[in-house]
Amino acid sequence: LAQVILALKPASFGELAGSRRRPAAGPFREGSLPPATMSGDDHEKRIADDIELLVSILRRIGKPSDDGKVATTFGELFDDDEGQQGLETLVGTLRAARKRGVVDWKGQMLLKGPNDAVPITLL
């Protein structure tokens, strides 16, 4: 068995091993690091950048509500092309923005389909 392993070229051994590998964690923005390899400051900056993008999208597609705050529905936000291209996880960014007092909505979770009509309000 050891002779067989030694006889394999590194490329063919990699091909064999590659068939058992898990897929990559997901796409990352060009020039960014996967979350596990980022420092705390890098992670916070990335979250701040995502929230900034979210705010710009909400201002673009949202409409002023009765109290003067900009709001849109989760379904409209989810289906927006810029949001789909720019934000890795819309719900994760919404939760981070809510935690920081930037946006709000009623309820705890947002799921595509059942929660499409839930208003997302920019505070």
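**Close-up views of ring contacts and strand pairing**

**View 1. Charged end of R98 over the ring of W105.** In this predicted model, the charged end of R98 sits over the W105 ring, at 4.1 Å from the ring centre.

**View 2. The aromatic pair F74 and F78.** A pair of aromatic rings is described by the distance of the centres and the angle of the planes. The count of aromatic pairs comes to one. Its rings, those of F74 and F78, have centres 5.8 Å apart and planes at 55°, so the pair is tilted. An angle over 60 degrees would have counted as edge-to-face, and one under 30 degrees as stacked.

**View 3. F74 and F78 in helix α4.** Both residues belong to helix α4, which covers residues 74–79. They are four residues apart, about one turn of the helix. F74 is buried, with a relative accessible area of 0%, whereas F78 is partly exposed at 32% relative accessibility. The cut-off for buried is under 20%.

**View 4. Strands β2 and β4.** Strand β2 (residues 70–73) and strand β4 (residues 119–122) run antiparallel and are joined by three bridges. Within this pairing, T72 stands opposite I120 of β4.

**View 5. Strands β3 and β4.** Strand β3 (residues 103–104) also runs antiparallel to β4, with two bridges joining them. V103 has L122 in β4 as its bridge partner.

Notes:
Residues are numbered from 1 along each chain as its sequence is written. This is a predicted model: local features need pLDDT of at least 70, side-chain atom pairs count only at pLDDT 80 or more; totals for chains, interfaces and linings use all residues. Side-chain values use heavy atoms; hydrogens and water are left out. Rings of Phe, Tyr and Trp (its six-membered ring) pair if their centres lie within 6.5 Å; planes under 30 degrees apart count as stacked, over 60 as edge-to-face and the rest as tilted. Buried means under 20% relative accessible area, exposed over 50%, partly exposed in between (1.4 Å probe, protein chains only). A charge sits over a ring if NZ of Lys or CZ of Arg is within 6 Å of the ring centre and within 35 degrees of the ring normal. Two strands pair if DSSP finds at least two bridges between them.
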